[in-house]
Amino acid sequence: MFFSVDCILVRGSSLSRLVEERLGLSGASSVHESHSFDAARWAGIPENALHTQLARLPMLPGIEETTQWCWSSGLVPIISSLTWTPIGAHLAERFGFHSYSGRCLDARNGRFTGQAGYPYTPTDQVEFVRRRADDLGAAPQACAAVGACPTDGLLFDSVGLAIAFNASPEVSAHATTSVEGEDLRAVIPALQRLTVSRV
């Protein structure tokens, strides 16, 4: 059960952009931007400053309850994202996700160095889904994804059940179904299709 990061924010927000604005990083981050330049903007930022800002961001209600429902229903909730891995790590620990993906960002002695691993693309995101599904003994077609951003199209195409949550028509066109709501628990009825198909 893969959740794209931006679908857990208040409607119309971008998690990485909000975090970077609050940390005072110059320039706008983008998955299309030069990877090395994007990472360099993080040089010297304390790791605890990132966690502080993430804790203050406007998250949708119902995230923890939705991950708990997944676990109790035999589904494994995972964050699948193109944002920096420290963001995914924070959200996984805070809300009970099993694991996360993302763009690697190096840190030493409690501060980000401005160095990053290889660029992380939507194609890499799909490969992450395949590897993680295999690790858990499931075929990708037996998995679901909840997403909202344009880069989630390939993610949707790689799973059996794709749920566009508060998404644009362009994103919804790749999905199995679309859901609107102000609480992440709104996706649970759609996710129940997975639990029914396993009975």
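Predicted model: local features only at pLDDT ≥ 70, side-chain atom pairs only at ≥ 80, totals over all residues.
1. Helix 1 against helix 3: geometry. Helix 1 spans residues 15-22 and helix 3 spans residues 47-56. Their axes come within 10 Å and cross at roughly 120°. An angle of 65 to 115 degrees would count as roughly perpendicular and one over 145 as roughly antiparallel, so helix 1 and helix 3 are oblique to each other. The crossing in which helix 1 passes helix 3 is right-handed.

2. Helix 1 against helix 3: residues. On the helix 1 side the contact is made by L15, V19 and R22. These meet L50, Q53, L54 and R56 of helix 3. By class, the residues of this contact comprise 4 nonpolar, 1 polar and 2 charged.

3. Helix 3 against helix 5: geometry. Helix 5 covers residues 85-95 and packs against helix 3 at an angle of about 55°, the two axes being 10 Å apart. Helix 3 is therefore oblique to helix 5. Here too the handedness can be stated: helix 3 and helix 5 form a right-handed crossing.

4. Helix 3 against helix 5: residues. From helix 3, the residues in contact are L50, H51, L54 and A55. Their counterparts in helix 5 are P86, I87, H90 and R94. This contact divides into 5 nonpolar, 2 polar and 1 charged residues. L50 and L54 of helix 3 take part in the contact with helix 1 and also in the contact with helix 5.

5. Second largest pocket. The second largest pocket holds about 200 Å³ of space. It is lined by 13 residues, of which M1, V76, A138, A142 and C143 are the closest to its centre. The lining is made up of 11 nonpolar residues, 1 polar and 1 charged.

Technical notes: Residues numbered from 1 in each chain as written. Heavy atoms only, no water. Axes fitted to C-alpha atoms, helices over the stretch in contact; angles between N-to-C directions. Helix = DSSP H or I, 4+ residues; strand = E, 2+ residues; numbered from the N terminus. Parallel < 35°, antiparallel > 145°, perpendicular 65-115°, else oblique. Left-handed = near helix turned anticlockwise from the far one by under 90°. Contact = heavy atoms within 4.5 Å. Nonpolar A, V, L, I, M, F, W, Y, C, P; charged D, E, K, R; others polar. 1 Å grid on protein atoms, 1.4 Å probe; cavity = no way out; pocket = protein on both sides within 12 Å on 5 of 7 lines; lining within 4 Å. Points joined across faces, edges and corners; volume = space filled by probe spheres on them.
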